[in-house]
Amino acid sequence: MIGRRRNPRPAVTETAQSAIFSRRAVVLGAAQAGVAALLAGRMGYIAIAQNQHYSEMAEENRIQMRLIPPRRGWIVDRRGAPIAANRSDFRVDLIPDRIEDRERVIAELTRLLGLTPDAVAQLREDLEQAAGFQPVPVAENLTFEQYAAITLRQPELAGVSPLRAFARFYPQGAAVGHLVGYVGTPNREEYEAENRNPLLIAPGFKVGKNGLEKTQEMRLRGRPGEARVEVTARGRLVRELRTVPDIAGRPLHTTIDLGLQNYTARRCGEQSAAAVVIDVTNGDILCFVSMPSFDPNSFSDGISHAEWDMMSQDERHPLINKVLQGLYPPGSTSKPMTAVALLKAGIDPEQRVNCQRAWRLGNAVFHCSGGPHGPIAMHQAISKSCDIYFYQMALQAGVQNISPIARRFGMGERFDLPFPSQRYGTWPDPEWLQRRYHREWQSYDTVNMSIGQGYVLVNPLQQAVMVARIVSGRKVMPRIIAEGPAPEFEPLEGIDPEHLAFVRDAMTDVVNGGGTASRFRLPVPELMAGKTGTAQVRRISMAERASGVRSNASLAWRMRDHSWFVCFAPAQAPRYAACFLVEHGGFGASAAAPMAKDVMTYLFDREKAMTALAALEQQWGGTLEKRMRRRAEQWAAARAAGVEPPQPTGHL
Amino acid sequence: MSLVPRLPAPIATLPWAMLLVVFALTGFGLVVLYSAAGGHLTWALPQGVRFVVFLGMAIAMSYVRPAFYKEWAFAAYAGLVVLLVLVEALGAIRGGAQRWLDFGFVRLQPSELMKPAIVLTVARFYDMLPAREIRGWTAIWPALVLIGIPAALILVQPDLGTATMVALGGVTVMFLAGLPLRLFIGAGVAGAVVAPLAYFFVLHDYQRQRIAIFLDPESDPLGAGYHITQSKIAIGAGGLTGTGFLQGTQSHFAFLPEPQTDFVFATMAEEWGLIGGIFVILCYALLIRWGGKVALHARGRFERLIAAGLTTTIFLYMAINLAMVMGLAPVVGIPLPLVSYGGSSIMTVMICLGILMSIDRQNRLDPRRR
């Protein structure tokens with residue numbers, strides 16, 4: 001159609017066609033030359049004008065900056081002995097994003113490292129939850145041979161990252177568990193909380209997860225080093241270019257006496273116990289023990305499911321720091337302090353009360369567990385722990401004269417200590433009762449309070465501080481980080497030193513003057529003064545009273561009384577104040593006091609104390625580590641066999 | 001008496017200037033392949049062997065008279081269309097895209113051979129068409145059908161790059177044959193209208209994605225835009241003189257995808273810089289200039305058209321590949337002939353050169369006769 005209309009135009013001849021061809025061929029050639037020039041220009045633009053930009057990008061491609069996790073600062077005791085140190089560690093991690101064949105990698109690692117089925121299951125679970133580039137730990141503490149075997153095969157195992165790093169090491173193991181806490185691979189929350197600090201996802205880097213490790217994280221951490229490495233697109237290391245070494249974190253000096261700490265932890269045996277020793281002159285915490293405990297070494301390596309289950313099912317709560325988080329009624333251990341309040345309220349210490357073992361107040365009958373004491377005055381009421389004396393005298397003095405004094409001695413007080421959580425209990429008064437339970441204070445509330453029962457709840461550290469204040473007459477504040485000048489404490493406001501001397505004297509007689517703990521005199525020249533306490537856990541009914549109160553031995557472990565012993569030594573010139581608690585240990589003198597005797601002996605004569613401990617450990621079946629390992633093995637074996645694992649208990 | 005003995009006639013009559021350029025380009029290509037393999041002959045050696053074989057083929061083809069190609073143009077075209085259909089059918093039966101036929105001893109890629117064949121066929125058509133018909137409808141539709149059938153068959157393979165090259169090769173011959181200019185202008189305008197429609201209704205997802213990424217490579221730097229980005233990094237990092245032989249990190253550390261085939265120019269550019277790039281472009285320019293001269297000196301209409309058309313085919317290879325690695329065109333899988341590793345492109349280019357040499361021989365030996 002188009003052609004027909006164009007027909008009138010002159011027909012194209014072959015000659016004309018030839019001319020058209022030549023013309024168009026030249027045009028085409030010119031166009032091609034133009035395109036070639038354009039391409040050359042484009043290349044020049046990329047290679048010359050943008051050379052720097054692309055050179056940088058090429059460098060970004062091949063050069064990766066790898067952070068070298070800094071060595072954590074040591075945690076040392078008052079003499080510089082390491083509580084937490086670092087040791088060289090060969091480790092292997094997996095970078096989820098870089099894994100090409102997960103099954104092959106896991107199979108190969110299992111073969112090379114001899115991973116247990118438990119470890120493989122853990123690894124799979126970790127991989128499921130892992131986020132991209134965050135490394136998943138496979139194994140730590142490898143031998144050099146294992147490390148070398150992995151390194152050799154690295155090119156064919158995409159995603160596997162062998163590394164030489166430093167691992168946290170706690171020479172004393174479980175003895176310092178609740179003191180230092182432990183370290184672990186940062187989780188997502190911690191990573192987000194630090195604005196995605198790349199250090200937190202560096203392989204082998206760990207952060208404090210509990211205790212001092214957690215609260216002192218920033219000062220222990222140090223500054224990471226940098227390794228600039230050349231890598232291929234697949235992540236294979238070509239060569240290291242430049243390395244800036246890390247700067248280790250500063251050591252943390254604590255007030256702990258590591259020898260004492262370790263001794264006390266071992267002396268706890270299989271009991272569920274807490275112990276605190278304070279230097280009354282400066283408030284230094286010398287010993288901070290909560291047992292049973294976890295081994296921070298195994299926690300820091302990533303604890304297995306079996307181990308975790310075993311810990312969380314243990315009714316002695318090895319995962320709870322009883323020193324700061326355990327709240328208990330103080331029982332009779334509060335009597336010395338109550339006596340100070342009574343003296344201040346004007347009670348004549350020579351005034352006697354006739355203890356007939358039972359005492360009626362209105363409809364209720366109150367008992368004295370140690371009585372009948374007959375006619376008894378304050379000094380003996382403390383040393384023999386007469387409840388009825390304190391019932392009557394507390395009523396006579398009135399609650400308004402006792403509770404404020406109790407708080408001055410640290411009851412219900414929260415101390416500024418570097419631990420993630422602290423429970424500080426209650427010392428009740430009428431106002432508190434009204435606020436909390438909306439009822440009037442009754443005289444039986446005063447009676448209960450007078451022997452440290454009822455609403456009274458304290459933690460073991462508060463008990464030790466109370467003793468330190470009774471001993472020094474000053475507002476001793478505990479500290480665990482030994483930094484700055486030795487603190488000076490104000491004298492306790494409105495407390496007569498003579499009243500304190502009276503009470504100290506009575507406490508000396510608890511151990512040395514025919515008192516409730518007279519079996520536990522120290523086998524050294526120094527005298528120990530103290531006070532026993534038995535904190536009732538259950539309510540004793542009238543029916544049970546009638547048929548005879550059941551002995552602790554006949555009760556299930558959980559129902560038995562807590563055993564307390566607070567003490568100081570030397571009684572002549574007090575230096576150390578201490579508190580010992582044995583959960584469900586029965587009468588104060590039966591579990592806590594013997595422990596206190598050995599630990600206080602350690603302060604003056606290590607050899608004698610060690611001999612006593614050696615005999616006990618033999619009886620318990622070996623050292624702490626040995627017993628913990630054996631229990632873990634038994635537990636694992638029972639689980640493997642599919643039977644109910646042995647229930648750990650506080651029974652010795 | 002010359003000191004240099006006279007070369008035997010069959011060797012002396014070869015277009016040595018052009019062959020020297022081919023040697024230079026291929027030789028440089030082998031050096032680049034040696035480096036791309038990390039300093040091994042893994043790719044360079046087989047490629048060298050291929051070059052020798054296909055060069056022998058091209059020289060042999062140069063002794064065949066152009067009349068032979070004219071005679072067999074349609075037959076070759078028809079055969080290749082049948083093979084293209086066969087490839088498509090086999091692909092459908094086996095389930096999956098396929099571009100080649102396996103004859104046991106050789107893998108034949110009909111779409112590759114179609115690049116020179118379409119030039120021959122369309123040229124043959126215009127050679128047969130009486131000169132006065134050139135402005136008519138009959139000058140257009142048969143050529144469009146001849147181009148459309150193989151282009152469509154290749155497009156559904158799917159191979160956008162080769163289909164484009166076949167279509168452009170055919171259209172170039174139409175242009176040179178003397179069709180009215182306004183047809184091309186009109187087609188250009190129509191193309192601008194149709195292209196967006198084709199983008200949405202004809203192209204495969206992956207092709208659409210490639211075009212989208214070509215328009216904005218940074219939108220997906222780790223995904224499909226990765227190829228273009230890494231290629232540009234390699235070229236840009238090379239600078240003026242390059243990082244040095246065997247020193248390119250983009251190719252050696254595997255950041256550059258396919259450093260020996262489609263992106264061989266980037267591999268080269270990183271180590272040899274702009275100077276290496278200008279050298280390659282210059283070699284191609286000389287090769288194309290030689291082809292253009294052959295076309296202008298050719299006497300017959302068929303010879304003229306195929307000489308210019310085949311030269312354009314070589315040009316298209318180079319232009320599309322370079323535009324692709326420099327981020328001026330989408331990634332369509334067109335290699336850089338004589339430099340990229342692989343047999344197909346070198347075979348096609350050698351066929352082009354063989355026929356061009358045949359025409360050149362006829363131009364020189366028999367300038368007066370048709």
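The report below covers chain B, then one of its helices, then a glycine in another.

The model is predicted. Chain B has 14 helices and 2 strands. Of its 370 residues, 50% are buried. Among contacts in chain B with a separation of 6 or more, 70% are between residues 24 or more positions apart.

| Helix | Residues |
|---|---|
| α2(B) | residues 16–36 |
| α7(B) | residues 160–177 |

Helix α7(B) has 18 residues, and at 1.5 Å a residue these should span 26 Å. The C-alpha atoms at its ends are 26 Å apart, so expectation and model agree. Burial was also counted along this helix: 16 of the 18 residues of α7(B) are buried, and therefore the helix is largely enclosed by the rest of the structure. After α7(B) comes G178(B), which has a positive phi, near 105 degrees.

Where in chain B does G29(B) lie? G29(B) is found in helix α2. With 28 other C-beta atoms within 10 Å, G29(B) is buried, because the cut-off is 20 or more. Which residues does G29(B) contact, leaving aside its neighbours within four places in sequence? They are L338(B) and V339(B). A further residue, L336(B), is 307 residues from G29(B) along the chain, and the C-alpha atoms of the two are separated by 9.6 Å.

Conventions. Residues numbered from 1 in each chain as written. Chains lettered and ligands numbered in written order. Predicted model: local features only at pLDDT ≥ 70, side-chain atom pairs only at ≥ 80, totals over all residues. Helix = DSSP H or I, 4+ residues; strand = E, 2+ residues; numbered from the N terminus. Expected span 1.5 Å × (residues − 1). Buried ≥ 20, exposed ≤ 12 C-beta atoms within 10 Å, placed from the backbone. Contact = placed C-beta atoms within 7 Å.
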